[in-house]
Amino acid sequence: LLSSIPSAIDVRVSRDALGFSDPRVLLRQLTEQGTLQETDSGDLRFHPLLRDFLRRKLEMEEPDLFEQGTARIIEHARKNQHWSEAVELAIHTDRLRVAAEIVGEAAPSLLRAGRLETLDKWLAECGAEMLETPAAALAKSEALTRQGRLSAAASLADGTLRRLSAHDPWRSRACFLAGQAMHLLSDDQRALAYHMEAKRSARTPYDSASALWGCFLAASELELDNAGDYLDELQVLTVDEIDGRLRLAAGRVLSASRRGSFAGTWDEVMALVPLADYATDPMVKSSFLARAGELNIALARYGKAESFLNQAIHICDELQLDFATALCLELRAIAEIGLRKFHAVRQTLDRLTHLSRDQEDPYVELACQKLVIQLALGEGAAKGLSAGLQAPPKTELQRSGTGEYHALLAIAAACIGDFERAEEMYDEAFSCRVEEEPALEPTETLSTAIEHGPGPGHC
């Protein structure tokens with residue numbers, strides 16, 4: 001009866017989890033009787049109906065033994081990262097707090113494999129315990145970010161953060177996830193506040209590296225002079241790791257794009273391309289490939305850029321990284337324009353437009369509008385641009401994207417001889433500098449920088 005508790009049984013499970021001193025004899029007898037059947041993978045399993053009957057019989061006739069056996073099987077499966085076994089048994093026996101803890105532990109591997117549906121299913125089955133268990137709540141926040149549900153992701157991460165003590169090991173992760181969502185919502189002042197707190201609260205090298213990366217992205221978007229300092233700190237922390245070197249190279253490309261010069265970045269990036277396949281974090285790999293594509297676009301090497309971006313998009317699709325797919329699609333469309341592959345551009349634009357309907361990221365809609373202008377310029381059809389494109393973008397958008405949008409409109413106006421309009425759009429683009437908004441001071445605390453969490457309209 002005890003052997004019916006786990007979904008599969010072997011010598012190790014029988015001995016270590018169920019306490020059988022000589023399980024080989026028992027397993028051989030059950031196999032010879034046909035009670036246990038060997039699967040293609042070599043596991044021994046009961047027929048599902050027989051297992052269900054035996055397990056119910058044990059639960060009804062010897063409930064204490066059933067509880068003890070189940071607890072041992074759950075712990076054994078958890079220790080050996082047999083996540084499905086551990087979670088399903090915990091949920092079946094109504095150990096929802098334990099199930100939520102296990103799902104939180106399993107989340108990194110599930111997310112790396114792109115198994116969002118499995119993660120969402122398990123989290124939903126944990127009920128309210130998901131919200132009360134930091135690891136599970138933050139796993140849900142990360143899943144929401146991947147799905148483009150950024151306000152919900154920020155709200156959940158911030159709500160979890162508010163329940164944590166100042167020294168809780170999950171505090172840095174909660175701050176990072178809230179900051180990541182706010183960055184994607186184009187609220188980089190709050191994003192930087194969260195990431196600075198994540199940096200201060202970090203207890204592990206992984207949390208420190210994540211926080212520094214978040215600080216760098218937000219500070220770069222805010223055009224702060226010290227943005228590069230975060231990247232320098234990250235280099236000291238991760239320079240000996242392949243993932244760290246790839247992330248640093250992606251950061252160097254982003255910094256170069258903000259400076260307006262890619263001088264010195266080509267050799268560093270291209271030297272790392274052969275190492276990208278050895279990355280342990282697929283998100284780091286996709287980010288590196290996307291920035292390698294961007295660098296090649298800047299150097300007018302459009303074919304190579306398209307190849308890099310196709311690889312990045314493939315990774316994003318596999319992992320369901322919808323929030324990252326948008327940037328890759330935008331960059332690929334620009335490469336396709338450079339290759340004069342206008343039919344392919346329209347296909348990429350259609351996919352990006354479809355993605356924008358399901359994404360809360362305000363930049364995705366703007367990316368579509370920018371590509372329409374770029375496509376018209378590439379085809380020499382600036383006169384055909386819709387007047388609707390002349391409307392100013394949403395005020396909450398990141399200034400870099402807004403400035404580029406107005407700059408493209410200035411070029412389009414100049415192409416059709418409307419120099420007055422071109423000058424007006426140039427002035428709009430130039431006004432998108434950040435100098436009129438004060439930067440967040442390093443001494444400003446998280447509580448004063450984000451008084452009400454994600455803020456109105458973001459919850």
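A residue is called buried here when its relative accessible area is under 20%. By that criterion, buried residues account for 52% of the 459 residues in this protein, which is shown as a predicted model.

The secondary structure comprises 24 helices and 2 strands.

Helix α21 spans residues 362-378 and helix α22 spans residues 399-415; they pack at an angle of about 20 degrees, and their axes are 10 Å apart. Because angles under 35 degrees count as roughly parallel, α21 is described as roughly parallel to α22. The crossing of α21 past α22 is left-handed.

On the α21 side, the residues that meet α22 are Tyr-363, Leu-366, Gln-369, Lys-370, Ile-373, Gln-374 and Leu-377. Their counterparts in α22 are Gly-401, Thr-402, Glu-404, Tyr-405, Leu-408, Leu-409, Ile-411, Ala-412 and Cys-415. Taken together, the residues of this contact comprise 10 nonpolar, 4 polar and 2 charged.

Gly-214 belongs to helix α13, which covers residues 205-221. Its relative accessible area is 4%, so Gly-214 is classed as buried. Gly-214 and Leu-192 are separated by 22 residues in sequence, while their C-alpha atoms are 7.3 Å apart in space.

Note on methods: Residues numbered from 1 in each chain as written. Predicted model: local features only at pLDDT ≥ 70, side-chain atom pairs only at ≥ 80, totals over all residues. Heavy atoms only, no water. Axes fitted to C-alpha atoms, helices over the stretch in contact; angles between N-to-C directions. Helix = DSSP H or I, 4+ residues; strand = E, 2+ residues; numbered from the N terminus. Parallel < 35°, antiparallel > 145°, perpendicular 65-115°, else oblique. Left-handed = near helix turned anticlockwise from the far one by under 90°. Contact = heavy atoms within 4.5 Å. Nonpolar A, V, L, I, M, F, W, Y, C, P; charged D, E, K, R; others polar. Buried < 20%, exposed > 50% of the residue type's maximum accessible area, 1.4 Å probe, protein only.
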